[in-house]
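Colleague: Could you walk me through some local features in this model? I would like the general idea of each, then the case at hand.

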Amino acid sequence: MAFTLYSLIQTAILCINAIAVLHEERFLIGFGVDQGVGGFGDDPGVKAQVLTLIRSVRTVMRVPLIIVNSACIVLLLLFG
């Protein structure tokens with residue numbers, strides 16, 4: 001497989017898909033990530049920042065991921 005721009009884009013899409021399908025109750029709680037949010041002015045820890053990133057990706061990227069995944073499937077079907 002050649003190292004092309006399309007393969008880099010496809011890798012990024014697959015990573016975003018992997019983040020988007022994580023189930024909080026099954027997967028994330030096993031790593032000790034709690035639901036609590038720190039107080040005002042407190043610096044959140046790394047776990048809290050990762051959890052916020054995962055929740056943001058799941059919320060914001062839902063519809064764009066459907067469109068981008070569909071476009072990738074069509075491109076793969078047309079051009080192999």
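Colleague: Which backbone oxygen does the side chain of Ser 7 reach?

Modeller: First, a word on the source: this is a predicted model, where local features need pLDDT of at least 70 and side-chain atom pairs count only at pLDDT 80 or more, while totals for chains, interfaces and linings use all residues. Residues are numbered from 1 along each chain as its sequence is written, and side-chain values use heavy atoms, leaving out hydrogens and water. A polar contact is a pair of N or O atoms within 3.5 Å; within protein, one must be able to donate a hydrogen and the other to accept it, and residues adjacent in sequence count only if both atoms are side-chain atoms. Here the side chain of Ser 7 reaches the backbone oxygen of Thr 4 at 2.7 Å.

Colleague: Is Ser 7 buried or exposed?

Modeller: Buried means under 20% relative accessible area, exposed over 50%, and partly exposed in between (1.4 Å probe, protein chains only). Ser 7 has 8% relative accessibility, so it counts as buried. Leu 8, by contrast, is partly exposed because its relative accessible area is 43%.

Colleague: And Asn 17, what does it touch?

Modeller: Contact means heavy atoms within 4.5 Å. Not counting residues up to four places away in sequence, Asn 17 touches Leu 65 and Asn 69. With the side chain of Asn 69, the Asn 17 side chain makes a polar contact at 3.1 Å. Asn 17 is also buried, because its relative accessibility is 19%.
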